[in-house]
Amino acid sequence: MGFLDEFRAANKDAQAERDRRRALKAWARAHARGAVGRPEGNGDVATMPAEEEKGDRLEAVSGEAAAEQARKPEARFKVVTSPGGIAFSVLLFLLLIWPFALPAFNRSNFLEIQRILVFAIIVMGLNLIAGYTGQLSLGQKIFVLIGGYSVGVLTTEFQSGFLGNHWIALIVATLFGMLFGALLGLPALRVKGAYLSIVTLAFVPIFYVAFNSQFLKGIFNAAQGISDIKTPIGNLARPPERVVTFPFTSRGMTDYDYYIFVVIMFGVLFFLARNIVKSRWGRGMTAVRESEIAAKSSGVRVYKVKVNAFMISAAYASLAGAMLTTFTTGQISPESAAAVHIRDSFVYVVMMIIGGTGTLAGPLVGAASVHAIRQFLIPQVQEAFGLNLLSWTTTILAVLALVSVITAPGGTVGIFNDRRERAKARQRRKQGDAPIARLPEALVRPRVRTTGVTGGDIVMETKEMSKIFGGLRANDKVSIAVKRGSVHSLIGPNGSGKTTFINVVTGVYTPEEGEVWFGGDRIDGKPAFVTVEKGMGRTFQNLQIWRRMTVLENVMVGLHTRAKAGFVANMVRTPLARREEAEIKARAMGLLQFVGLEKWAEVPAGALPYGPQRYLEIARALALDPILCILDEPAAGLNPAEVRDLMGVIRRIKETGITVFVIEHHMDLVMGVSDEISVLDYGKKIAEGTPAEVQANERVIEAYLGAEAVEHAGV
Amino acid sequence: MERFLQAIIQGLTSGGVYALIALAFSIVYMTTRVINFAQGEVMMIGAYVYFFMVAKSGGIGVSWPLALLVALVGAMLVGLVVHLISIAPLGKFDPNTNIGWILTTLSVSLILVEVMRNIAGEQAKRVDPIVSSFGGKKTLFTIEPKQYLILIVGVVLALVLEVIHSKTQLGRALRATAHDKATASLMGINTGFMVRYSFALAGVLGGISGWLLAPVIFVDPNMGTLVGLTAFVAAVVGGIGSTRGALVGGLTIGVVESLARWAGAGEWTSAMVFLTLILILVLKPTGILGEALIEKV
Amino acid sequence: MAKGVAVKGKKASKAKAGEVVMEVTDLHVFYGAVEALKGISFEVRDGECVSIIGSNGAGKTTTLKTVTGVSELYKSVRGKITIQGQRVEAWPAHKIARLGVAHSPEGRKVFPNQTVRDNLMLGAFTRTDGEIDKDIDEQYERFPILGKRRNQPAGLMSGGEQQMLAMARALMARPKVLLFDEPSMGLAPLIVKQVFEIIQQLKDEGKTILLVEQMAFQALGIADRAYVLETGAITMDGTGSDLLEDPRVKEAYLGA
């Protein structure tokens, strides 16, 4: 290939990419229009039953209405009219004015409130990685120290320079937190398991050594630490004033000015965390927590989600640490031992657990109650009863944590939420099923991706592909070509390599020989999410659904890759992010109607009967707008009537233009729906053709249906 | 060159203790898929019990075999208590999606540290080695007999357990429990007992390592934390859940640590150990001898 | 036939053909608020082959799991389960297994990381007699493929081979009663045929069998007596051949 050809080819790729983007935009626009359509019949927008009390007004209406509403500017203000939003606003207001209203205003009370807010920020971050993503960090104190030291070092080293400015230093501190979060998270989060806990715990002593080190004395000043940190607060030793000054005068800020800043930061960070949690990234996090493999096959980049969540949590902790250093003492030191840091990190976890893991209000509740126990209750009891309780502080908190984990895993807020959920469920049972909004036809149809797709008539093809496990050829030079728009089945005796074939095609395994092509690109050796993003959806033989998420949310995770708004965009809820969110919801509802699960939308997926769980997986796979939908033994465990239904669903999927690839033993189903059948035996393809041809093929009868193969099966 | 060799031998000897604790981690991991964050503290308690039994001043002053026996029984009981408090109340749970166990075992470990600090004080205790009496002279490569004892006991115990767990019904039952409790119970295996057995055995191993380590480093309430973490790294490096892996990982980490010290890492020695962990996670997350789980999707 | 099994209870020592080995009376099982079994009753007599058929979600697997005590979260049980004359509702699974109940679970559940031989050894876990090796050789004769693969990890075998191993493992206990849960599940038609041939063979040898199956035609064909389970309740029972002829059964399960 000459240079010019290469150039042309590259140009073509770029052009295709531009086309794809344009088409996606067009899709979004067209879709938004499509979603405007009112339900037929009555003009009212019927609401979905469980949604009404959900708190968040934005979600309180059915998909299409939400899509419509999200485009109106006033939608964004509706957020605060929810009960939770109102409570939160009132709380912020009270926090701001209490110094004027309460007589009990003195320096220590004033500082404790600020400390609680800062702890709440740390715990909010921790909650993102531990509560929502399911990866527990045991070393958040590292990041708190990094934040404190950043402010300390910068403001003392660069005195009056740009970096010495307190506000710049706060930003740099946050960035340092993220950087070290990435450094620890990137290796620790690569593999499944508790490795983040281990790595973070193991690095607590190392950071202690670093801050204490003679070698780095020039930076951290070893055990003495940094004591003359420049803070914007005029004089930390003076009793706090209830005066608001303009912050940037030469007089410096009052304590109260900085307090306002802390409260605002708390509010902002809470809001950002909430937005993440309620966005597709939040669903992605929960999906990762509940089943990594299913998250992967739905296009969620598991590793990226985990690392992102951990970096955000590190950033929260660092920013909190920087602020803490600023308003308390203005100094930072490595303290007496690494054990102290381990204990502090543990206390953050206890705060999270007691408040409520994986809840929004939990961090503040937990920070306040644990801090109150530690700072007020224990000293008070010690004084009143003359017990030596202070030296048992850790034990008391640890026992609290144990009791909380064992008896109330959802923490304080969780108990409250459970009660509310049960009340709602009771109400639902009493009222019966509310009518379900009929969605426009266009939404109740899976779509086949038409943009950015090349590859002609053949959607997916393996060429002489072999997968070898320790010398055993699980797939031996298998060449299978799947025609666009067809239903193609793969059958064969157990152990003939069907599942291996799927795992190679979906990118779980890399083949040793041969090539795999999909949508005009070679995909062998590419990671699983590449095939997903290119439009390959799949279901699992042993169901992989997220049991604790609702049925609707399960499908919404499947639509993860259909949205473009990134992590940050969702964090600040840009108009694009809000619109996409509403569209995702409407589409998910449509797909549920397609497979007939709409009445279950708000039910936790784990509570579905077995058959519907299979349909849920199909709906989730269709959410990818797949070019190719792979069904791995979809009829396993279904009764004859359900199998007939399933055949109907497969035919309807085919009608929309989506190519279907089925692995199945159920012969009625295979013969009934397939356009083409390939047969594997001992990893080799032994036959291929229409159902009639395959049924008549002698080798197939011999290997699969007939008598000769008795030998190899073991009798 | 001789100093280098000495560093390696030194590393192997301290690796013996890491291997024992890594073994404890692995056995508990096998039956419960849980990493017992209190394992280092079980060792610490074992060391203290031994000290209180054997010390002439500040202790009862009995003979060392009796003291060892009491320490082992004590550590075993502590192991069982850890299970009773931190794992048993969680009931049936999936350690991958429910991270409560991290918190419960860590809670117990912090409680044990604080209890010991309040009982025995922050001050480090000294324990006399049992083998310095073999003439008291330093042997090959100026390494003391008490350190050879660590290596010998560590390796022999690891090998004995390996044989028991691969050749007997007990071992098969242990692995069956590790893989699938429900099906194991259909075979007539008392899986609850197997889990308790693993915690008790891990406790005994902790007691032995506490006994071995007590004369080498001082006994203090925080001794378990760093040793425990280092041994955990050893378990991961060798391949967690594998008996042989624990031995290989323990010796490897011992040598890494010793070589780092030899190369002048000083206060950064433990940092080198944890960097090994990072390296393993990046290069071969299943560890040197760890078997990849056959996960069917 | 069940020599060497540690059997307690008054009837156990001289259970002769026709005596009730397992009796379930008015069994209710709840998962949270859902009633999965709504008061079912059935019995298995010595030397009989009994089938329970029903579609998915009818409660077949729940029945077997409850009988053998495999505990599940959120499950509560009411009713009477008598095995070998012992009331066992509250017993843990391993204790019930020691009564001589061998349960080959749904989905085969071999121990994938252990060799074929180790799996068979585990099947004999309750035994203390000296004939375990002899029995293993017997299984290798019955299932030649297992003999060929004796030192391979079970997880590397095909689904059909694993089913053979699961059945051999159950036989290793020298059980009073064999419980098979959906042995045909997920197997190719040819293998399904073989599985039923083996069950027929075991029946001919006089073994007591409780077979739970979705493949109604084969299961009824092999059974002396059978029960039809529908959404947690037994709706029909009778001899296998009677049920095969029953129009309702034909309609619902045989696809007539």
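Colleague: How many residues of chain B are in contact with residues of chain A?

Modeller: Two residues are in contact if their C-beta atoms, placed from the backbone, lie within 7 Å, and by that rule 35 residues of chain B are in contact with 42 residues of chain A. This is a predicted model, in which local features need pLDDT of at least 70 and side-chain atom pairs count only at pLDDT 80 or more, while totals for chains, interfaces and linings use all residues. Residues are numbered from 1 along each chain as its sequence is written, and chains are lettered from A and ligands numbered from 1 in the order in which they are written.

Colleague: Which elements of chain B each supply at least two residues of the side that touches chain A?

Modeller: Helices (H or I, at least four residues) and strands (E, at least two) are DSSP runs numbered from the N terminus, and the elements of chain B that qualify here are α4 (100-120), α9 (223-238) and α11 (269-283). The largest share of this side, 11 residues, comes from α4(B). By residue type, the side of chain B that touches chain A divides into 24 nonpolar, nine polar and two charged, where Ala, Val, Leu, Ile, Met, Phe, Trp, Tyr, Cys and Pro count as nonpolar, Asp, Glu, Lys and Arg as charged, and the others, Gly among them, as polar.

Colleague: What do we find where chain B is in contact with chain C?

Modeller: There, 18 residues of chain B are in contact with 22 residues of chain C. On the chain B side, the elements that give two or more residues are α6 (169-179) and α7 (181-186) of chain B, with the largest share, six residues, coming from α6(B). This side of chain B divides into seven nonpolar, six polar and five charged residues.

Colleague: Is Gly69(C) buried or exposed?

Modeller: A residue is buried if 20 or more other C-beta atoms lie within 10 Å of its own, exposed if 12 or fewer, and partly exposed in between. Gly69(C) counts as buried because it has 23 C-beta neighbours inside 10 Å. Gly69(C) is placed in the loop between α1 (60-67) and β4 (75-83) of chain C, and, leaving aside neighbours within four places in sequence, Gly69(C) is in contact with Val88(C), Trp91(C), Pro92(C), Ala93(C) and Ile96(C).

Colleague: Which residues of α5(B) are buried?

Modeller: In α5(B), which runs over residues 145-167, the buried residues are Gln147(B), Leu149(B), Ile150(B), Leu151(B), Gly154(B), Ala158(B) and Leu161(B). What covers these buried residues includes α1 (2-32), α8 (191-213) and α10 (243-262) of chain B.

Colleague: Turning to chain A, how many helices and strands does it have?

Modeller: Chain A comes to 28 helices and 10 strands, and buried residues make up 49% of its 715 residues. Ala619(A) touches Val555(A), Leu591(A), Leu592(A), Phe594(A), Val595(A) and Leu597(A), not counting residues up to four places away in sequence.

Colleague: In what sense do β9(A) and β10(A) pair?

Modeller: Two strands pair if DSSP finds at least two bridges between them, and β9 (residues 676-681) and β10 (residues 684-689) of chain A pair in the antiparallel sense over five bridges. Asp681(A) stands opposite Lys684(A) in β10(A). The two strands form a hairpin with two residues between them, and Tyr682(A) in the turn has a positive phi of about 50°.

Terms used:
Expected span 1.5 Å × (residues − 1).
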